[in-house]
Amino acid sequence: VVASNDPGLDVMMIPNPAASELNISYHAPAAANTSVRIYTLEGICIYSASEGIRQYGSIKVPVADLASGIYMVELTSGDGKVVKRLVKE
């Protein structure tokens, strides 16, 4: 985990490194508005999806069109936020 301001928000990404699809599983302390974003290392948002009000779930993110490199994946649920590093093959 690169940054987390909510120890109750559990986020897992597989596979990492990813080639075509990234699976993000999450579990939050309570149901809240949940979204996922992918940023370049320059801070440019290249993917954004809202999951609605959820406490836990799984998100499939297509990454086949991304250039090889390192990205930051941000999952936000209510006031909680977890940022993880993604390696794209």
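Student: Leaving aside neighbours within four places in sequence, which residues is T34 in contact with?
Tutor: This is a predicted model, in which local features need pLDDT of at least 70, side-chain atom pairs count only at pLDDT 80 or more, and totals for chains, interfaces and linings use all residues. Residues are numbered from 1 along each chain as its sequence is written, and side-chain values use heavy atoms, with hydrogens and water left out. Contact means heavy atoms within 4.5 Å. On that basis T34 is in contact with Y26, S50, E51, G52, R54, L75, T76 and S77.

Student: Is T34 buried or exposed?
Tutor: T34 is found in strand β3; strands are DSSP runs (E, at least two residues) and helices likewise (H or I, at least four), numbered from the N terminus. Buried means under 20% relative accessible area, exposed over 50%, and partly exposed in between (1.4 Å probe, protein chains only). The relative accessibility of T34 is 0%, so T34 counts as buried.

Student: With the side chain of which residue does the T34 side chain make a polar contact?
Tutor: A polar contact is a pair of N or O atoms within 3.5 Å; within protein, one must be able to donate a hydrogen and the other to accept it, and residues adjacent in sequence count only if both atoms are side-chain atoms. At 3.4 Å, the partner of the T34 side chain is the side chain of S77.

Student: What is the relative accessibility of E74?
Tutor: E74 sits in strand β5. Leaving aside neighbours within four places in sequence, E74 is in contact with S35, V36, R37, Y39, K81, V82 and V83. The C-alpha atoms of E74 and Y39 are separated by 7.9 Å, although the two residues are 35 apart along the chain. E74 counts as buried because its relative accessibility is 12%.

Student: How many bridges join β3 to β4?
Tutor: Two strands pair if DSSP finds at least two bridges between them. β3 and β4 form a hairpin with four residues between them, and G43 in the turn has a positive phi of about 90 degrees. Within this pair, S25 stands opposite S58 in β4. The two strands run antiparallel, and the number of bridges joining them is 15.

Student: What relative accessible area does S20 have?
Tutor: S20 lies in the loop between β2 and β3. Not counting residues up to four places away in sequence, S20 touches V61, P62, V63 and A64. S20 is partly exposed, because its relative accessible area is 47%.

Student: What percentage of the residues of the protein count as buried?
Tutor: The protein has zero helices and six strands. The C-alpha trace spans about 35 × 20 × 20 Å along its principal axes. Among contacts between residues at least 6 apart in sequence, 56% join residues at least 24 apart. Of the 89 residues of the protein, the share that counts as buried is 39%.
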